[in-house]
Amino acid sequence: MGRVIAVANQKGGVGKTTTAINLASSFAAAEVDTLLVDCDPQSNATSGLGLAKDPDRINTYHVLMGAAGVEEAVRPTSMEQLWIIPAHKNLIGANLELVDVERREFRLRDAVQPLRDRFQFIVLDCPPALDLLTLNALVAADAVLIPMQAEYFALEGITELLDTVERIRTGLNPELALEGVVLTMLDERTNLAQQVTAELRRFFGEKLYATTIPRNIRLAEAPSHGKPIHFYDIHSRGAEAYINLAKEVISSGEKRIGKGAGGSDS
């Protein structure tokens with residue numbers, strides 16, 4: 001059964017889509033069948049993997065509205081074991097059109113359920129807002145991965161997201177977990193970064209990944225070429241960082257499974 005991870009942060013400019021693209025491609029590079037679902041009307045995950053923003057192509061909007069089956073929306077990418085459900089700006093209409101629809105929060109969850117046996121990881125790239133699209137992603141997910149910058153205001157913004165996660169856990173998705181928090185665009189040479197990282201470590205404990213994503217020009221350039229960092233510059237610090245992050249995510253998942261197995265035996 002595949003694991004569904006929502007990459008979410010309502011604050012823009014924190015490397016959310018960069019993380020979704022390159023985490024998914026790192027899973028694929030590890031020879032794991034992976035699906036990236038673009039849930040953001042900006043469609044940056046779509047273009048970041050080299051797909052044109054085509055309004056006539058079946059995308060996340062059609063899946064959410066029940067206008068097409070989920071298998072029809074899955075598209076291959078340049079990586080052998082990475083697929084994508086693309087988005088388009090028409091997806092923004094779903095926020096309004098789903099308001100009066102029955103089980104509106106469960107549309108994405110119901111749609112991706114049949115894909116769990118096909119993909120080991122399903123990564124959901126959420127919009128930078130706590131709207132109905134993000135709500136659908138969090139209800140569909142097993143866990144949420146939060147990219148954030150090492151800034152003093154970061155914790156203030158993250159509190160709102162954590163409150164939303166707790167409300168969803170209480171009312172809609174009791175299995176939703178915090179997958180982890182990853183620091184992005186980090187310059188470890190500054191005192192500020194070191195101080196904030198230490199503060200976040202105290203706040204999140206082991207949920208703050210040991211891997212950090214550095215400020216890296218190659219990471220910033222890769223989306224304009226429609227490539228994940230592994231295809232654009234495999235030797236860059238950014239590529240190495242996302243490969244290490246994927247290893248941490250895979251390892252933490254294996255530990256959870258091991259604990260579950262141990263608990264059932266005792």
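By class, 10 nonpolar, 9 polar and 4 charged residues line the largest pocket. The model is predicted, so local features need pLDDT of at least 70 and side-chain atom pairs pLDDT 80 or more, while totals for chains, interfaces and linings use all residues. Residues are numbered from 1 along each chain as its sequence is written, and side-chain values use heavy atoms, without hydrogens and water.

**Exercise 1.** State which residues lie nearest the centre of the largest pocket, and which element gives the most to its lining.

*Solution.* Step 1: a pocket is an open set of points on a 1 Å grid where a 1.4 Å probe fits, with protein on both sides within 12 Å along at least five of seven lines; lining residues have an atom within 4 Å of a point. Step 2: of the 23 lining residues, V14, G15, K16, T18 and M185 lie nearest the centre. Step 3: α1 gives the most, with 4 residues; helices are DSSP runs of H or I, at least four residues, and strands are runs of E, at least two.

**Exercise 2.** Explain why strand β2 is described as largely enclosed.

*Solution.* Step 1: buried means under 20% relative accessible area with a 1.4 Å probe, protein chains only. Step 2: 5 of the 5 residues of β2 (residues 34-38) are buried, so the rest of the structure largely encloses this strand. Step 3: T34, L36 and D38 point one way, L35 and V37 the other.

**Exercise 3.** Find the strand that pairs with β2 over 5 bridges.

*Solution.* Step 1: pairing requires at least two DSSP bridges between strands. Step 2: β5 (residues 121-125) pairs with β2 in the parallel sense over 5 bridges. Step 3: within β5, I122 is the bridge partner of L35.

Conventions:
Ala, Val, Leu, Ile, Met, Phe, Trp, Tyr, Cys and Pro count as nonpolar, Asp, Glu, Lys and Arg as charged, and the others, Gly among them, as polar. Buried means under 20% relative accessible area, exposed over 50%, partly exposed in between (1.4 Å probe, protein chains only).
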